Amino acid sequence: FSKKNTLNFRDYQLREKLGGGNFGMAYEAVKVKKGETVGQRSQLSGDQLARRVVLKRVNMDRQASRSDFLQAGTMAKGASETGQVEAYMCDKI
């Protein structure tokens, strides 16, 4: 798992909460251009609609995440490792 896809949250405007559970919360967001403001959902331009994404805030576990579990082929344990697996799979598709 690489950290090349780190997000800068200033590049996104959070919109509505989509849901949540034991592992964290999911939000709709729009990737904004510098100086751009994003209105209500019904007021999004076609370009803004195309830049919508889902951002997830993962609840961190009390135990530290293992750094080598993906390479070792072992099962993910807890929210932190599950989030790493999800990011890894999203990077592959």
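## Arg 51 and its partner

Arg 51 is buried, with a relative accessible area of 15% (buried means under 20%, exposed over 50%, partly exposed in between, using a 1.4 Å probe and protein chains only). Its side chain meets that of Asp 47 in a salt bridge, 2.9 Å from N to O (a side-chain nitrogen of Lys or Arg within 4 Å of a carboxyl oxygen of Asp or Glu).

A quick note on what we're looking at: this is a predicted model, where local features need pLDDT of at least 70, side-chain atom pairs count only at pLDDT 80 or more, and totals for chains, interfaces and linings use all residues. Residues are numbered from 1 along each chain as its sequence is written, and side-chain values use heavy atoms, with hydrogens and water left out.

The salt-bridge count comes to four. Asp 47 also pairs with Lys 33, with the closest N and O atoms 3.1 Å apart. That pair links distant parts of the chain, 14 residues apart: Lys 33 sits in the loop between β2 and α1 (46-50), and Asp 47 in helix α1 (helices are DSSP runs of H or I with at least four residues, strands are runs of E with at least two, and numbering starts at the N terminus). Both ends are partly exposed, Lys 33 at 48% and Asp 47 at 39%.

Then there's Arg 15 with Glu 28, at 3.8 Å from N to O. Arg 15 is in strand β1 and Glu 28 in strand β2, so this pair ties together parts that are 13 residues apart in sequence. Glu 28 is buried, at 5% relative accessibility. Arg 15, Glu 28 and Arg 52 are linked in a salt-bridge network.

## The β1-β2 hairpin

Strand β1 (residues 12-21) runs antiparallel to β2, and the two pair over seven bridges (pairing takes at least two DSSP bridges). A hairpin of two residues does the joining, and Gly 19 stands opposite Ala 26 in β2.

Ala 29 lies in β2, which covers residues 24-31, and is buried at 0% relative accessibility. Beyond its neighbours within four places in sequence, Ala 29 is in contact with residues including Tyr 12, Leu 14, Arg 51 and Val 53 (contact means heavy atoms within 4.5 Å).

## Helix α3

Helix α3 (residues 78-92) has 15 residues and reaches 22 Å from first C-alpha to last, close to the expected 21 Å (1.5 Å times one less than the number of residues). Ala 79, Ser 80, Glu 81 and Gln 84 are buried in α3, and the helix's buried residues pack against β3 (52-58) and α2 (69-72).
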